[in-house]
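Welcome, and please open your viewer before reading on. This tour tells you what to select at each stop and what you will find there.

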Amino acid sequence: MTSDSTYRDKGRALFFAAMMVLSVFAMSAAFAGGVAADGETVDNAGEPEDITVGEEEIDQTISDIDIDSLDEDDVVEIDVSSLADKADMSDVEVTGNSSDIDNVEYDSSNEVIRFESNQSSDNSDIEEDLTIENIDTSDSDTAAALEYTVNADVSDADTSGTTSTFNLHDGDEPLDTSGTFWDGQELWFQDTDNPSDGEYQLRSYDTGDDEETGLEEEFTLEDDDSAVIDTEDLDGDYVIQHPNGDYVTVDDGDVTATDVSEGSAEAFEIATQDFDTEFADDSVENEGSDTTTDVEFDSNRGTYDVHVSADGLDHDDLEDIFGEEGDFSDVEPDEDEDRVTLEDVEDDEYELNFEDIDADEYDFDFDVTDTSAESTSSIEVTEGEEAERSVDAGDVVDQGELANITVDTDGQDNSALQVGVHEDTNYEVGLDIDASDYDEDEVTIVMDTYRAGQDHANEDQVFKAINEDGEEETDVDVDLKYANVSDDSDLSNLLGEGEYELLVGDKFVDDNGDEIGDDYTGDLSEVELNNEEDSSYLTLSERTEDSDISTWTVPEEDNLDTDDDFEDATLTETDTIAAGGEVDDQTVINIENLGHTAALEDAAESGDDISEELEELGVTVALEQTNVGTNEDPTYYNSSDSGSDSGTEDDPYHLSLESIEDLEYDGENLYLVVDSGDDFDGDEQEYDVTYNVDENNDASANDINGVNYYGNYLTDEDDEIEESHELSYEEPEFEWDVEDEDEVEISEESEITAETNVAPGTELDAKASSSGNFVEDNSADVDEDGVFTATFDFSDAENGTEFDLEERALFDAQVDDLVLVEADGDDDEEKEDALEVSVDAPDEIEEGETATFDYTVDNNKEDDTTVDVTLEFGDESYDGELDVDGEDSASDSFDVEDLGADEYDWELTADDGDDSASDSGTLTVAEPDDEGEGEGEGEGEGEGEGEGEGDEEGEGDGEGDEDGSPGFGVAVALVALLAAAMLALRRQD
């Protein structure tokens with residue numbers, strides 16, 4: 001007994017000693033974790049997708065592999081032997097998703113995936129997704145918690161890896177007893193913890209009371225210790241009871257515990273998926289502008305896959321509707337079932353395209369792939385009208401200009417535009433125009449004919465859509481589909497003159513009739529425009545050079561940075577510019593009719609010095625000083641020179657030519673601000689300005705500020721341009737037009753002028769001051785004739801007041817002891833005489849007649865005027881209006897009617913708001929003369945009425961005597977004689 005006990009004790013001691021040694025190594029390995037010898041760390045072995053058994057070709061993605069501190073060319077290996085043991089990986093291919101790695105491969109002999117770090121520097125981190133394609137699981141058994149191991153920098157023998165697990169499962173999803181699943185899903189799990197041949201039970205469970213409430217079904221495990229639970233018609237919370245009576249915990253398909261008590265059991269939820277679909281329209285057309293509509297998916301489930309089928313449509317039709325022409329990016333066709341599977345569907349509206357689908361009414365069946373949820377929606381496809389796209393190139397343009405091509409899409413989302421036919425012009429480009437977000441039918445595509453054909457790999461930069469303001473239209477995408485230029489090369493010269501045919505259709509197809517993609521690498525000669533609908537011609541005419549320059553001046557105070565500044569500035573064409581002292585007027589050169597709108601599209605509106613860009617087009621501006629002194633050398637400037645300190649003929653100063661930011665360039669006027677520092681200040685300088693356009697037909701690319709230039713179109717020296725101009729820089733001058741002690745008339749607007757050579761538009765400031773009397777200030781701009789006019793209000797000053805006058809802004813120009821004097825009145829007289837009125841009117845009319853007032857207004861002023869004419873007649877007023885040209889006259893008249901017998905005073909006035917004139921008079925309106933009435937009625941009445949008329953006109957009695965006797969009639973004479981006798985008798989009494 002003693003001996004046996006001793007041997008057992010010794011055995012225990014040896015066992016525990018061995019365990020301690022092993023534990024030391026185990027702890028060392030545990031602490032090492034995922035850290036490699038040189039510091040490489042596998043932070044995350046990634047998240048591998050579960051894959052299903054029974055598939056001949058299935059892909060698996062390992063997402064988010066995260067490795068720190070890799071050096072360039074470090075090798076990473078992923079041990080996939082656990083998968084290789086279960087599945088056939090003989091045809092496997094592996095791809096990565098980034099440029100951080102290269103040389104990705106599957107090594108079947110070692111059952112590892114291997115790649116190298118492609119980082120440009122050491123100690124770099126990578127995050128990578130890998131896709132393993134073409135895994136064959138058709139003969140595989142299920143397995144839970146299979147492991148991948150990622151090892152960083154395997155060149156170090158002592159590196160260790162980090163693992164991640166996945167399932168090779170049957171059914172739809174691996175079961176997780178803490179998860180939520182959907183009615184109809186098949187849930188798989190494998191009991192690797194305590195498998196049993198007995199009956200496992202699926203039991204309903206009350207999570208509130210933590211107790212099971214009844215049996216749903218019993219099942220047994222397969223030979224690989226796995227089972228699949230069919231959840232169809234289940235709804236609620238459930239647990240799995242082990243044959244031992246306890247409850248099972250399942251983590252991602254793997255049973256981790258089989259001894260859980262009822263009150264602690266983990267329950268998983270089975271929910272019913274609500275699912276509905278609806279088309280946005282009842283009908284849709286199969287061609288034309290209305291071939292698209294939306295389908296809406298609505299469910300209480302976040303993401304799911306859907307089978308789609310429809311009687312009368314095969315899988316190709318469905319793939320066109322939902323995938324190639326529709327919004328879905330993941331569409332899997334199923335030829336056997338004549339259906340498609342939409343992957344990762346969410347609640348949303350998706351656009352579908354029914355172009356070329358036979359007209360009919362279709363019932364679409366939508367079935368969620370892993371649940372019992374389904375929906376049916378119907379839509380009618382009708383015959384549509386064929387689209388009528390058109391294309392127009394507009395006017396002929398010169399080589400090197402921007403050419404506008406107008407495409408009428410007829411409301412189509414996508415149109416195809418072909419520019420040129422390779423067999424005819426050695427230049428052919430295919431463009432896809434996506435106008436799905438654009439509200440108009442007409443799209444304007446601008447073509448850069450200068451850079452066309454020079455870099456065919458980037459020919460998409462030659463074309464862009466523009467809006468009506470000439471700015472890029474962001475709602476239209478213009479994509480290059482192919483460029484067949486000089487047999488897949490570049491043109492040896494700039495794009496030539498000639499006619500380039502334009503064709504428009506719906507898409508470009510290869511020789512099989514399939515639409516080509518952006519990455520098409522097939523035979524370009526086999527590409528065709530599908531459904532050609534219209535054609536036109538873009539005509540490029542031979543470019544000729546006929547440009548020249550003019551020089552302009554701008555006040556120093558005017559900003560010329562942007563287009564808005566330019567619009568506000570005052571530009572004056574001149575060959576004399578003031579510079580020196582307080583004045584440094586700006587010099588602007590305008591290159592007229594240069595063209596090259598394509599080459600200079602960006603530079604001309606950049607606000608930068610573009611002399612280098614102009615030089616590439618053969619354009620230079622040079623200045624040579626001509627007023628040098630004896631034994632002095634002239635100073636030279638040249639825009640094509642980079643600049644020097646000498647300014648000699650061989651080494652001239654640089655002449656900077658700065659464009660104006662955002663000032664639109666149309667090829668006619670290119671305004672450039674000349675900048676040479678302060679070199680033009682000081683004494684008078686005179687220059688010959690030479691403008692040259694020289695031959696530069698080297699078509700090799702020259703990158704200037706990120707833009708390629710390819711020379712110009714001149715091929716003959718006889719076509720070169722050389723134009724000369726004169727330009728002088730003078731010291732600023734200012735001289736008042738009055739001298740000391742001159743007289744200035746007193747007025748509310750007394751004007752005093754001066755002459756100056758500073759730029760028109762320059763603001764000057766004048767001050768008139770009289771000690772103890774007044775100080776008057778006035779600012780005004782120099783006019784286009786170089787005249788500065790200062791205006792003062794001297795109306796309150798006394799006659800004889802003396803004052804001094806000075807310009808204070810830029811010049812020390814003063815005039816002393818000027819004298820204010822009263823105006824001599826000539827001005828007032830002139831003002832009154834500015835308008836003159838004459839009226840031709842009668843002095844007397846009889847009652848019942850019309851009085852006509854003919855009037856003439858003389859305008860003695862230079863400017864045309866409009867006068868208001870008023871006739872005041874008695875208590876009445878008559879108004880009119882008359883237009884009178886400068887230094888001319890105009891006439892009109894007033895008619896006055898229905899006047900009673902009386903005398904009327906009248907006055908006619910003409911007034912144009914600045915000046916007035918008038919004329920006046922009197923009109924007598926008499927009672928009408930009733931001649932022959934008195935004596936024609938007999939003697940009794942002849943005397944009373946006849947004499948009344950006779951007193952007025954001296955005719956009454958003569959006409960009233962019936963017997964024609966002269967003088968008084970016989971009866972009247974007798975009465976008169978009797979009256980005289982009676983008077984004599986009365987006097988005697």
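Among contacts in the protein chain between residues at least 6 apart in sequence, what percentage join residues at least 24 apart? The value is 67%, where contact means heavy atoms within 4.5 Å.

Before the first stop, a word on what you are viewing. This is a predicted model, in which local features need pLDDT of at least 70 and side-chain atom pairs count only at pLDDT 80 or more, while totals for chains, interfaces and linings use all residues. Residues are numbered from 1 along each chain as its sequence is written, and side-chain values use heavy atoms, with hydrogens and water left out.

**The whole chain**

Show the protein chain as a cartoon: it has 10 helices and 72 strands. Helices (H or I, at least four residues) and strands (E, at least two) are DSSP runs, numbered from the N terminus. Of the 989 residues in the chain, 42% are buried; buried means under 20% relative accessible area, with a 1.4 Å probe and protein chains only.

**The largest pocket**

Now select Thr52, Glu55, Ile58, Asp305 and Glu343, which lie nearest the centre of the largest pocket among its 29 lining residues. Strands E3 (51-52), E4 (58-70), E25 (304-310) and E27 (339-345) are the elements that give two or more residues to this lining. The space in the pocket is about 1400 Å³. A pocket here is an open set of points on a 1 Å grid over the protein atoms alone where a 1.4 Å probe fits, with protein on both sides within 12 Å along at least five of seven lines; lining residues have an atom within 4 Å of a point. The lining holds five nonpolar, nine polar and 15 charged residues. Asp, Glu, Lys and Arg count as charged; Ala, Val, Leu, Ile, Met, Phe, Trp, Tyr, Cys and Pro as nonpolar; and the others, Gly among them, as polar.

Strands pair if DSSP finds at least two bridges between them. Pick His307 and look for its bridge partner in E29, Asp367. E29 and E30 form a hairpin with five residues between them.

**The second largest pocket**

Select Leu402, Lys464, Gly470, Glu601 and Asp602, the closest to the centre of the second largest pocket among the 36 residues that line it. About 1100 Å³ of space lies there. E37 gives the most to the lining, with three residues, and the classes are 10 nonpolar, nine polar and 17 charged.

**Met447**

Is Met447 buried or exposed? Met447, in strand E36, is buried, with a relative accessible area of 0%. Its contacts beyond four places in sequence include Leu402, Tyr427, Phe463 and Leu538. Val462 is also in contact with Met447; their C-alpha atoms are separated by 5.7 Å, although the two are 15 residues apart along the chain.

**The largest nonpolar core**

For the last stop, select Tyr450, Ile591, Leu594, Leu600, Leu614, Leu670 and Tyr691, which touch the most other members of this 39-residue core. A nonpolar core is a set of buried Ala, Val, Leu, Ile, Met, Phe, Trp, Tyr and Cys residues joined through side-chain atoms within 4.5 Å. Zoom in on Ile591, whose contacts include Leu614, Leu670 and Tyr691.

Note on methods:
Points joined across faces, edges and corners; volume = space filled by probe spheres on them. Buried < 20%, exposed > 50% of the residue type's maximum accessible area, 1.4 Å probe, protein only.
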